[in-house]
Amino acid sequence: MLSVVIITLNEEKNILRCLESVQEVADEIVVVDSGSTDQTHRIAEEVGVQWIEHPFGGHIEQKNFAMQQARFDWVLSLDADEALEVSLKEEILAEKAKGFVGAYRFRRLNNYCGQWIRHGTWYPDKRIRLVDRRKAAWGGRNPHDELRPHPDVNVTEFRGHILHYTLADLEAHLKQINYFSTLAAQSKFESGAKFSWAQLLLNPTWRFLKEYVIKGGFRDGYMGFQIAVMAGYAGFLRYAKLRALWKDSRKNESAKLP
């Protein structure tokens, strides 16, 4: 038996595609929502899911909570803007018929501004998503979560793709970068990571070169270039915001002195 778990927040544009893609493989679909104000709930109810509302405490925390709400121990975790490719569904069903063993890694194919991205760091974008929840947990550092099976668990890789409809336009990408860079900077600050000018100057340059040249992002044409530029910008914002946090911290400490 297989539970599919999905976390949501205002996903009315994506949720139906995601839910329809998993109906053949799922014995249960669990949606954990953190306060949607659009039509996400109505759409999910029409398909038929277990709907749970839970305050958002971070990507890792929310996904671990969602996984524990499943009735079955074998869990496939997806984001609302993802869907299973037809060939991937067939692979999952075949494995399910034999009996799931270990954990399963998927390749993600990302759709960016209407174009499928097949190069750079965005492909094959491998992610473990199907596990025995008794032998795995979400970890990493918010917002960059990853599903981690126990060290003794063997991982099998599927050939089919998770189709990831990631960002519809440049404005959405800018909004995401601003959001994620704030979370990343806060996480670094809380862990005690110090700001350095070397990181501020070198990280954006390295991220651009890695994305566009080393990993071959140039093969995706203009969109490959845009992704690389935005990767560099994201690196800059992360360290610029870290600098601002330390500056504010020192200012607050000084204000407390007699």
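At what angle do the axes of helix H1 and helix H2 cross? In this predicted model, the axes of H1 (residues 15-22) and H2 (residues 40-47) cross at roughly 20° and come within 10 Å; axes are lines fitted to C-alpha atoms over the stretch in contact, with angles from 0 to 180 degrees between N-to-C directions. H1 is therefore roughly parallel to H2 (an angle under 35 degrees). Helices are DSSP runs of H or I of at least four residues, and strands are runs of E of at least two, numbered from the N terminus. In the contact (heavy atoms within 4.5 Å), Ile-15, Leu-16 and Leu-19 of H1 meet Thr-40, Ile-43, Ala-44 and Val-47 of H2.

Residues are numbered from 1 along each chain as its sequence is written. Local features need pLDDT of at least 70 and side-chain atom pairs pLDDT 80 or more, while totals for chains, interfaces and linings use all residues; side-chain values use heavy atoms, without hydrogens and water.

The count of salt bridges (a side-chain nitrogen of Lys or Arg within 4 Å of a carboxyl oxygen of Asp or Glu) comes to 18. One of them joins Glu-24 and Lys-89, with 3.4 Å from N to O. Glu-24 lies in the loop between H1 and strand E2 (28-33) and Lys-89 in helix H4 (residues 86-98), 65 residues apart. Glu-24 is exposed at 53% relative accessible area, whereas Lys-89 is buried at 11% (buried is under 20%, exposed over 50%, partly exposed in between, with a 1.4 Å probe and protein chains only).

Definitions and conventions. Parallel < 35°, antiparallel > 145°, perpendicular 65-115°, else oblique.
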